[in-house]
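Let's take a walk through a protein chain together. Have the sequence and the 3D view open, and follow along as we go from the whole fold down to single side chains.

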Amino acid sequence: MKAERLAREPRVLLVGCVRGLTRESYAFVDILERTAPDRIGVALSPEELAGIAEYFADAEGETTVHLVETEKSEIHALTRWGEVRVPNPSAVRAIEWARAHGVPLHPLDPSDDGAASMFTANIGYVELVRRTLRERKLARQPPTANDPDEFALRWDAALAVGAGSRELARDRDRYLVGEVRRLLPGAARFVVMVDRERFDPVRSLLDGPADAA
């Protein structure tokens with residue numbers, strides 16, 4: 001996990017959680033308790049946030065989640081550092097904490113339709129084939145790492161190799177930054193949670209000029 005206040009806007013605390021690792025969710029709740037934000041943003045689409053809120057937050061039982069082979073491989077590799085849960089337990093805890101404290105919680109990523117448009121705008125046929133091959137290779141041979149932060153960064157780096165994939169990631173991050181800036185007025189303490197691999201590029205955009213996003 002990585003957490004920093006923005007240099008340009010100290011009202012924003014940016015938190016990067018390793019996706020799926022349960023211990024990260026406990027640390028994130030500790031941050032929320034210490035910070036007592038009056039607004040929380042999470043790097044999820046509106047549809048993802050609604051689904052997690054309905055079926056997983058404050059749930060009494062277990063809900064079955066279907067995973068593709070790449071996701072199964074990522075989870076298996078992460079268990080080296082502790083329990084792993086799906087969906088991301090840090091997102092589940094964010095929803096539960098916001099509910100319990102009456103704090104607005106906002107999805108920061110594009111809608112499913114918006115994400116699909118971004119994908120088709122950046123990923124051509126050749127890049128799609130290469131991404132599929134990279135995913136299959138990654139599922140067979142996950143990256144080695146000394147800690148979960150390093151694993152998350154290496155996992156993402158192994159997928160985002162092509163120019164189209166890198167531009168897709170930048171478009172998604174620019175959208176998120178635009179949402180943070182739109183929601184910032186009126187917030188005294190704004191906690192923004194992203195997947196660990198997005199922390200550095202999102203921080204760079206948020207700390208840069210407003211017209212750079």
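This is a predicted model: local features need pLDDT of at least 70, side-chain atom pairs count only at pLDDT 80 or more; totals for chains, interfaces and linings use all residues.

Is Phe56 buried or partly exposed? Phe56 has a relative accessible area of 21%, so it counts as partly exposed, given that buried means under 20%. Now look for Pro201 as well: Phe56 and Pro201 are 145 residues apart in sequence, and their C-alpha atoms are 29 Å apart in space.

**The whole chain**

How many helices and strands does the chain have? There are 9 helices and 5 strands. Reading from the N terminus, the order of the elements is β-β-α-β-α-α-α-β-α-α-α-α-β-α.

Next, the overall size. The C-alpha atoms fill a box of roughly 45 × 45 × 35 Å along the principal axes. A compact globule with 213 residues would have a radius of gyration near 17 Å, and the chain has 17 Å, so the two agree. Of the 213 residues, 45% are buried. Contacts tell a story about the fold too: among those with a separation of 6 or more, 80% are between residues 24 or more positions apart.

**A cluster of rings**

Time to zoom in on the aromatic side chains. The structure holds 2 aromatic pairs. One of them joins Trp81 and Phe151, a tilted pair with 5.9 Å from centre to centre and 50° between the planes. Why does this pair tie together parts that are 70 residues apart in sequence? Because Trp81 lies in the loop between α3 and α4 (89–101), while Phe151 is in helix α7 (residues 148–159).

Phe151 also pairs with Trp155: their ring centres are 5.6 Å apart and their planes are at 40°, so this pair is tilted. Phe151 and Trp155 both lie in helix α7, 4 residues apart, which is about one turn of the helix. Put together, the ring pairs link Trp81, Phe151 and Trp155 into a cluster.

How well covered are these rings? Here are the values for the three residues:

| Residue | Relative accessible area | Class |
|---|---|---|
| Trp81 | 13% | buried |
| Phe151 | 2% | buried |
| Trp155 | 4% | buried |

**A strand residue and its neighbours**

Now turn to His106, which is found in strand β4 (residues 105–107). His106 has a relative accessible area of 18%, so it is buried. What does His106 touch, not counting residues up to four places away in sequence? Its contacts are Arg39, Ile40, Gly41, Val42, Leu49 and Leu183.

**A patch on the surface**

Last stop: the outside. Tyr125, Val126, Val129 and Leu133 form a nonpolar patch on the surface, and together they have about 420 Å² of accessible area. Take Val126 as an example from this patch. Val126 belongs to helix α6 (residues 125–140), and with a relative accessible area of 48%, Val126 is partly exposed.

Key
Residues are numbered from 1 along each chain as its sequence is written. Side-chain values use heavy atoms; hydrogens and water are left out. Buried means under 20% relative accessible area, exposed over 50%, partly exposed in between (1.4 Å probe, protein chains only). Patches are made of residues with over 30% relative accessible area and no salt bridge: like charges are joined within 9 Å, nonpolar side chains (Val, Leu, Ile, Met, Phe, Trp, Tyr) within 5 Å. Accessible areas come from the Shrake-Rupley method with a 1.4 Å probe; for residues, only the protein chains shown count as cover. A salt bridge is a side-chain nitrogen of Lys or Arg within 4 Å of a carboxyl oxygen of Asp or Glu. Helices (H or I, at least four residues) and strands (E, at least two) are DSSP runs, numbered from the N terminus. Contact means heavy atoms within 4.5 Å. Rings of Phe, Tyr and Trp (its six-membered ring) pair if their centres lie within 6.5 Å; planes under 30 degrees apart count as stacked, over 60 as edge-to-face and the rest as tilted. The radius of gyration is taken over C-alpha atoms; the globule rule is 2.2 Å times the number of residues to the power 0.38.
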